[in-house]
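Hello,

Here is the structure we talked about. Please look it over first, then read the notes below.

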Amino acid sequence: MHRTLTVGQLIHQLQTLSPDLPVHLAINPDWPYAHAIGRVIDSTGPTGPGAYIAENGQTDILPPAVRAALDWDNG
């Protein structure tokens with residue numbers, strides 16, 4: 001079951017990290033690559049208002065430690 005993350009919850013999680021770290025998206029456990037973040041906008045979608053984070057291209061394969069932390073380690 002998926003859980004919707006709020007902007008406040010995302011900010012809270014990010015505040016625990018160094019502000020100098022680059023941010024990547026991990027999108028698909030079957031294709032475990034890191035992706036760059038593009039634009040961030042707010043708009044209304046099919047389920048109501050929300051913030052949308054655009055993917056901006058694949059950057060690199062996810063490191064094994066990241067896949068394990070996400071429970072995406074298939075082997």
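A residue is called buried when its relative accessible area is under 20%, exposed when it is over 50%, and partly exposed in between (1.4 Å probe, protein chains only). By that rule Val 40 is exposed, because its relative accessible area is 55%.

The model is predicted, so local features need pLDDT of at least 70 and side-chain atom pairs count only at pLDDT 80 or more, while totals for chains, interfaces and linings use all residues. Residues are numbered from 1 along each chain as its sequence is written, and side-chain values use heavy atoms, with hydrogens and water left out.

Val 40 lies in strand 2 (residues 33–45). Strands here are DSSP runs of E with at least two residues, numbered from the N terminus. Two strands count as paired if DSSP finds at least two bridges between them.

The sheet is open and has 3 strands in the order 1-2-3, with antiparallel pairing. Strand 1 (24–26) and strand 3 are at the edges with a single partner strand each, so one side of each has no neighbour in the sheet.

Which residues face each other across the strands? Ile 41 stands opposite Tyr 52 in strand 3, and Leu 25 has His 35 in strand 2 as its bridge partner. Strand 2 is joined to strand 3 (residues 48–61) by 10 bridges, and to strand 1 by 3 bridges. Between strand 2 and strand 3, which form a hairpin, there are 2 residues.

Regards

Definitions and conventions
Helices (H or I, at least four residues) and strands (E, at least two) are DSSP runs, numbered from the N terminus.
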